[in-house]
Amino acid sequence: MPCGRTNTRADKGRWRVSSNESLANLLKEERRFTPPETLAASANVTAQAYEQAAADRLGFWAEQARRLSWATEPQQTLDWLNAPFAKWFADGELNVAYNCVDRHVEAGLGDRVALHFEGEPGDTRTVTYAELKDEVSRAANALTELGVRAGDRVAVYLPMIPEAVIAMLACARIGAPHSVVFGGFSADAVASRIQDADAKIVITADGGWRRGKPSALKPAIDEAVASCPQVEHVLVVRRTGQDVAWDESHDVWWHEVTERQSTEHEPQAFNAEHPLFILYTSGTTGKPKGILHTSGGYLTQAAFTHHAVFDLKPETDVYWCTADIGWVTGHSYIVYGPLANGATQVLYEGTPDTPHQGRFWEIVQKYGVSILYTAPTAIRTFMKWGDEIPAKFDLSSLRVLGSVGEPINPEAWMWYRRNIGGDRCPIVDTWWQTETGAMMISPLPGVTATKPGSAQTPLPGIAATVVDDEGREVPDGAGGYLVLTEPWPSMLRTIWGDDQRYVDTYWSRFQGRYFAGDGAKKDDDGDIWLLGRVDDVMLVSGHNISTTEVESALVSHPKVAEAAVVGAADATTGQAIVAFVILRGSAQDSDELTAELRDHVAKALGPIAKPKRVLTVAELPKTRSGKIMRRLLRDVAENRELGDVTTLTDSTVMDLIQTKLPTAS
Ligand code: WT7
């Protein structure tokens, strides 16, 4: 079987099914991990949910919508008459913030901890649901006093502090869609997002704590608002106490304006299709896309998936999602899903290595975290730091582990299971996107026999498959493009201000189906393996080879912690595979080792996948959400001037890498 038969290159004629049988073993993963018996016996969702949803998909979602408290119960489920513009629960009315906060207090759970906040410097704050209700109400009153009305957009540029959650919920409460911009983005990036969304208020902070130091946020906003005349007020949370420039004409301290407000605020019900937020995805090219999510369907799927995929028991679990609130993971699995479910969670401000590389595990131990949701990039970093670091902490409270953001290499998955999950916790590898709003493909911890590296099965109520270039569903064992074949409640409704781009980007490649932009394959059991963005597929001597698979082969070598693979133009083979690897802890770079790594890949995947060059590096270029920027590595490997580096976490990484490669192939 060929590997990733995905290709987006213009000359489709080059795309063909490889006949190279040496690739037949690609990711033949034999390991299986059945759910722990106790978990399976008390799981929130059982195998029956798949049957129920298959028999009546819309009925299934209508039932899930009843997890929420509606001011007007919806009678309609899906309106798809104007496809691909969907309406879910369109005649229902609800208040999202009421669902995330007030109803738990009304149910007598006001004393339950909503947030265990852990600041990077070690300061802590506990916020109960009753306190959250007061804070959100105050903030909603403050925004109203500042002139924000339902439908107005509010930009949020904050560190990972309780006020970020409070600000988002306050916006939701008054029906003002928020546009959260990740705190690491530059003034220009913020300005273009404020302009595109036409936000009239910005909520920011003096700064946040980052790697042991206060890191300023307000200067970027000062610079951004200079080119955004529509911004009427900038609300500033005091977090670090650092000096800030102050413009009396629009700057307002958050504490001054919220403290004088009442803790009473009557939540108004909004239509299920009322916009809840806009979140910009960078995309690899072009102007960022403002992904629009609405209220009822989004909250239904965020709440259901959080309940089902993490098997959340709100009375006893302590949940921790390590994502930043600036990404969709933070929206759906820090704010909306967990709070709609009444969860108790950890909110951590800082980096995993401040003040030491065991910080995450110290937090798990301190709060007794039972469900942990993190990203492969973090897991591979922990592998690099060494097994002995998590081993120093008591991680026995953990019971379910999640992964999101990229394909997780099988060896990283195994490392996570062994070193963090004590060989007992199921791992849920959750595939979804900013656009999907909530999880789409994932194992269920009490049902699925998991396979390292595979997201496996569409969740109940979700329809996904893999198709070839002509849009035909591929048989088990073959690869192609991942598509979603039915609308789902938390789907994006459009690209803000650009309906045509919404249709063109997602619904035009394959008639009537949503094109996710990911390569995927089905294994012999029909389980789905994600192979990375289709733009990253390599074409070597006429064979399509997925970067993910070569990277996973490299990471399966005991001395490799992390790998990024690109196809560089090659006179003989069209593209040649160039691998950039980070070695684990004590491993030393040598010619013998690089030769060994090349052979290791050839053995695992077949000679066609053997990298032409293997370069050891100290760091890889990553976006601020942790994704490897292969585009830049391709520039290096092809001796080109670097493309846009503005979304890199650390642009000096590229300087270091370039010195490794004075004369690229
Ligand atoms: C892209 C979406 C989902 C929230 C964070 C990222 C990749 C995400 C997985 C996974 C393989 C994954 C895909 C997807 N991706 N999760 N479990 N396995 N790939 O949201 O920034 O919108 O990125 O992330 O390529 O298309 P995003």
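Visitor: How do the residues of the shell around the ligand divide into nonpolar, polar and charged?

Guide: The model is predicted: local features need pLDDT of at least 70 and side-chain atom pairs count only at pLDDT 80 or more, whereas totals for chains, interfaces and linings use all residues. Residues are numbered from 1 along each chain as its sequence is written.

The shell holds nine nonpolar, nine polar and four charged residues. Here Ala, Val, Leu, Ile, Met, Phe, Trp, Tyr, Cys and Pro count as nonpolar, Asp, Glu, Lys and Arg as charged, and the others, Gly among them, as polar. Of the 22 residues around the ligand, those that come nearest are Pro407, Trp431, Gln433, Thr434 and Leu530; a residue is near a molecule if its C-beta atom, placed from the backbone, lies within 6 Å of it.

At least two shell residues each are supplied by helix H11 (328-340), strand E24 (514-522) and strand E25 (528-533). The largest share, three residues, belongs to E24. Helices (H or I, at least four residues) and strands (E, at least two) are DSSP runs numbered from the N terminus.

Elsewhere, eight strands make up an open sheet of mixed pairing, ordered E12-E11-E8-E6-E7-E14-E15-E23; two strands pair if DSSP finds at least two bridges between them. Its edges are strand E12 (251-253) and strand E23 (494-495), each with a single partner strand, so one side of each has no neighbour in the sheet. Within the sheet, strand E14 (residues 275-281) and strand E15 (residues 289-294) run antiparallel and are joined by six bridges. In this pair, Ile278 stands opposite Leu292 in E15.

A further site is Lys627, which UniProt lists in an unreviewed entry as "modified residue: N6-acetyllysine". UniProt positions follow the numbering used here, feature names are shortened, and annotations may be inferred rather than shown by experiment. Lys627 lies in the loop between strand E30 (613-616) and helix H19 (630-637). Lys627 counts as partly exposed because it has 18 C-beta neighbours inside 10 Å; a residue is buried with 20 or more other C-beta atoms within 10 Å of its own, exposed with 12 or fewer, and partly exposed in between, with C-beta atoms placed from the backbone. Apart from neighbours within four places in sequence, Lys627 is in contact with Gly405, Glu406 and Lys622, contact meaning C-beta atoms, placed from the backbone, within 7 Å.

Definitions and conventions:
Two residues are in contact if their C-beta atoms, placed from the backbone, lie within 7 Å.
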